[in-house]
Every structure is written in C-alpha cells, then in structure tokens.
Amino acid sequence: MKQEIEKVSLEFDSEIKAVSSQAQLEEIRVKYLGKSGKITAIMPMMKTVPNEQKREIGMLINELKSKIETAVADMQEEFNKAQKTIAPKESIKRIDSYIK
C-alpha cells in the first residue's frame with residue numbers, strides 16, 4: 001500500500017512539472033482528486049491494510065491528497081496572476097487601436 005501511495009506521489013510530481021496551461025492543470029486535478037481519481041481509487045484498498053497500519057496509511061493518503069490540493073491551488077493562483085498581468089496589456093492595445 002505504501003508503494004502504491006509513493007507511486008502516485010511520484011507520478012503526480014512529474015506530471016505537475018509539465019503543466020503549461022489551466023486546461024492541463026484541471027485534467028491533472030480531476031485525474032488525481034476527481035470522483036474516479038487515483039486518490040479515490042486508493043481508498044478502498046484500506047480494507048486490506050492490517051488494523052495496526054491503518055492509521056499510518058490513512059495519514060499518508062491524507063498527506064498526499066493535501067499535497068496535490070496545495071500544488072494545484074498554487075499553480076492555479078500562478079495562472080491567475082499571469083492572466084491578470086496579460087489582461088491589462090491587451091486592454092491597452094484595444095484602447096490604442098480605438099484612438100488611432
């Protein structure tokens with residue numbers, strides 16, 4: 001179970017580094033956190049974990065989920081900031097074209 005969690009974590013790390021658009025970011029968010037996502041798929045495996053390990057495994061899953069949520073939110077914020085810096089420039093271009 002720990003190996004599966006680590007595998008998902010490493011997979012996410014490599015995919016999040018390659019994101020270059022908001023659409024890709026949303027695809028990754030759904031892939032990992034969605035209703036049929038990888039985190040959701042891991043949860044039923046908890047039934048097979050021995051009772052003495054459930055707390056530890058549960059904590060690892062929650063940490064992974066938090067890591068993914070934070071990374072996606074941070075990247076979304078970066079895209080939003082980039083969009084805000086681009087938007088005023090586009091507005092100025094539109095205004096300039098009306099003035100000429």
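This is a short tour of a predicted model, stop by stop.

Residues are numbered from 1 along each chain as its sequence is written, and side-chain values use heavy atoms, with hydrogens and water left out. Because the model is predicted, local features need pLDDT of at least 70 and side-chain atom pairs count only at pLDDT 80 or more, while totals for chains, interfaces and linings use all residues.

Colour by pLDDT, the predictor's confidence in each residue, from 0 to 100. The protein has a mean of 86, and 85% of its residues reach 70 or more. Then select residues 94-100, where the pLDDT is below 50. Beyond near neighbours in sequence, this stretch has zero contacts (heavy atoms within 4.5 Å) in the model. Where pLDDT is low, the predicted coordinates should not be read in detail.

Next, select Phe12, Val19, Leu25, Ile61 and Ile68. They have the most contacts inside the largest nonpolar core, which has 19 residues. Such a core is a set of buried Ala, Val, Leu, Ile, Met, Phe, Trp, Tyr and Cys residues joined through side-chain atoms within 4.5 Å; buried means under 20% relative accessible area, exposed over 50%, partly exposed in between (1.4 Å probe, protein chains only).

Show the helices (DSSP runs of H or I, at least four residues, numbered from the N terminus). H1 (2-17), H2 (22-33), H3 (38-42) and H4 (51-99) each give two or more residues to this core; H4 gives the largest share, seven residues.

Stay on Ile68: leaving out residues up to four places away in sequence, Ile68 touches Phe12, Tyr32, Leu33 and Ile39.

Finish at Val49, in the loop between H3 and H4. Val49 counts as buried because its relative accessibility is 7%. Apart from neighbours within four places in sequence, Val49 is in contact with Met1, Lys54 and Ile57. Val49 and Met1 are 48 residues apart along the chain, with 7.6 Å between their C-alpha atoms.
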